[in-house]
Amino acid sequence: MSRILPPTTALTQPYWEGCKAGELKLQRCTACGEHQFYPRTLCSHCGAATLEWISACGAGTVASFTVVRRGISDAYPAPYIVALVDLAEGPRMMSNIVDAEPERVFVGATVAVDFSAWSEDVSLPVFRLTDNGVIS
Amino acid sequence: MANKGLKGEVAIVGAADTAVGKLPGRTPAELCVEAAMAAMADAGIDKSQVDGLVTCNAMAQPMLYHAEAIAEYLQIFPRYCISVGAGGGTTFSIVHHAASAIVTGMADVILISMADSMRSGLTREQAMLVQSSTGHPQFEQPYGPTVPAYYALIAQAHMAQYGTTESQFAEIAVAARAWAARNPAAQMREPITVEDVLASRMIADPLHLLDCSLVSDGGSAIIMTSAERARDFPHDPVYLLGAGEGHSHEHISQAHDLTTSAARESGARAYAMAGVGPGDLDLAQLYDCFTPTVLVELEDLGFCDKGEGGAFAESGALRPGGSLPVNTHGGLLSHCHPGNPGSMFALTESVWQLRHTAGERQVADAELALVHAQGGIMSSHTTLILGRDR
C-alpha cells in the first residue's frame, strides 16, 4: 500500500508546483489583503475573486498536534505527528511535524516549513521544530 | 428568530434496536429491515401504514439509492422517501426534517431505520480508511490522520487552553461503562476505572483505546407521527419539543475554534423552541465517538461553563445516580457504534427512558431528555429535546 496522494486540480496547481520547487504558496486577496488556505476561487474573508499567489515565509506555530500511534495504513509507519500549524501569514493548515521527538512538541511550539517527496511528482509541505520549538 | 413551529406537533410512537456487536453473515440491509419491522411491531402497525421512509447509507454496503432499495426490499411504496448522510449527526438532523414533513402533510407515518456492519462487513483497514476519508483529500488525508487523530487535535487544544487532563477524559468512558453494565443489550458491560482507561494502549495522544468508541454491527429504527394520531398507539408517545442545528466547518483544519463547537448554536436553537434550559433536563444523550467530544458538548450545551467540562465529568455527574445522567444505554463508547446509525440508539434509549421502561438503568421520573449528535469532526451538530408531555 502506498501513501495517500493529493488529487490535484487546475486551481491548486500553483500550490503543488511551489511545493516541488521548495516554496509554500498561499493565496492572498488583493481586495482585503488577507491570506487564505486551502486555495479557493473566492476569498474566505471578503468573498472577492481577486486572488493572487504569494510565497509564504514558512514560519508557523503549533495550534494543536497528536502523535498517531496506530498508523492509517502500512504506508504510514507509526508513530508520526499530525499537527495543525498556524502560518505567520494567518492561515491554518494540517501537516506532519517531522524528525521530532514527540515529547518535544507542544501547543505553541514554533516550526518552519520543509518539503517531503511523497511520490515522483508530488512533494508535501511538512514542518520541523525550530530551536526546540521556543521563540528565541 | 426562534422557531416554535415544531414544538409538540410530532411524536415518536415506535422504537426498536437489533442485537448489536458482532453479527457476521448479516448484511446492513437485512439489519435495517429487521429494525424497521421491530419498530413497526412496537408501534402496533403494519407496513402498509407507513407512508414515509428515511434511511442512511451503509459504509459496508453502499447503495446509490439506499432508501429506495430498502422500500423495495420491504415492498412499501412511500410518498416520502430519502436517504441522509450527515455523519454522526445524520440521525437527529433527519428527525426534524421528518417532523416537518408530517406537519406539512407530506407523510403521516414515517419510519426511520438505519443500520451498518462496520465490524463484520469491513476489514479494520477498510473501516479506518473509509472513515478518515472525511478529511480533505488534498490538504489533510495525505498526512495520514486517522479519525482518532482528528479528535485528538481537539483534545490536545482543550488541554492546552483549559488544563483539562487525560483522567478527566477517562472519567467519561468510565461513566459510559457504568451505564452499559446496567444494559443487557450493550456490547461492553465489564466495569472499568480511570486507571484502566489510562493503562489502555495509546491510539493518538492523548486518546487511549478506551477513550475511543466501539466498532459494531447493528440497526435501529423509530416510527414518527403527528401528536394527534400519537395517542392511538399502544405506548406513551414521546413528543419532539425542540430541534436545532449548527454548522461550522467540515474539515478540522478549517474550524474557526478547536475547543468551542456549533453545539452552542444547535443547543440554543433547540432550547428556544422547547422553551427550556439545560437545568430542566432529566438526562442527556451526548454523541461520544471519543471522550473529548462529550466534554466539549457538555460545555457548549450549557451543562457547565466553558473550560469546566473536565471538572464537571470528574465530579461523577454523568454516572448512574449523578446530577446529569449521560448516555444511559452506554453510548457509542460501551453500547455500540455501527457508524452513521450510531446515534439512533441514543434516540431509542431516550424513548424508553421517557416511557419509563428502561429497566435497571431507568432515570427516575424522567420527563425531559436532550439528545445531541454531531457529524464530521465536530462539524455538523443537531440537538433535539424530547418529552413525555407536549
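## Where the chains meet

Chain A puts 31 residues into its contact with chain B, and chain B answers with 27. Keep in mind that this is a predicted model.

On chain B, the side that touches chain A draws at least two residues from each of helix H4 (124-132), helix H5 (147-162) and strand E5 (202-204). H5(B) gives the largest share of that side, with six residues. Sort the residues of this side of chain B by class and you get 16 nonpolar, eight polar and three charged.

Over in chain A, three strands make an open sheet, ordered E2-E1-E3, with antiparallel pairing. Strand E2 (35-36) and strand E3 (51-55) of chain A sit at the edges with a single partner strand each, so each has one side without a neighbour in the sheet.

Zoom in on strand E1 (residues 25-29) of chain A and E3(A): these two run antiparallel and are joined by five bridges. If you want a spot to start looking, A:Cys29 stands opposite A:Leu51 of E3(A).

## Two domains in chain B

Chain B splits into domain 1, made of 10-122 plus 217-230, and domain 2, made of 146-215 plus 244-387.

## A helix pair in chain B

Two packed helices are described by the angle between their axes and the distance between those axes. For helix H6 (residues 166-180) and helix H10 (residues 291-300) of chain B, the angle is about 100° and the axes are 8 Å apart. H6(B) and H10(B) are therefore roughly perpendicular to each other.

Which residues make this contact? From H6(B) come B:Phe169, B:Ala170, B:Ile172 and B:Ala173, while H10(B) brings B:Thr291, B:Pro292, B:Val294 and B:Leu295. The class count for the contact of H6(B) with H10(B) is seven nonpolar residues, one polar and no charged ones.

Notes:
Residues are numbered from 1 along each chain as its sequence is written. Chains are lettered from A and ligands numbered from 1 in the order in which they are written. This is a predicted model: local features need pLDDT of at least 70, side-chain atom pairs count only at pLDDT 80 or more; totals for chains, interfaces and linings use all residues. Axes are lines fitted to C-alpha atoms, for helices over the stretch in contact, and angles run from 0 to 180 degrees between N-to-C directions. Helices (H or I, at least four residues) and strands (E, at least two) are DSSP runs, numbered from the N terminus. Angles under 35 degrees count as roughly parallel, over 145 as roughly antiparallel, 65 to 115 as roughly perpendicular and the rest as oblique. Two residues are in contact if their C-beta atoms, placed from the backbone, lie within 7 Å. Ala, Val, Leu, Ile, Met, Phe, Trp, Tyr, Cys and Pro count as nonpolar, Asp, Glu, Lys and Arg as charged, and the others, Gly among them, as polar. Domain bounds come from an automatic or database domain assignment. Two strands pair if DSSP finds at least two bridges between them.
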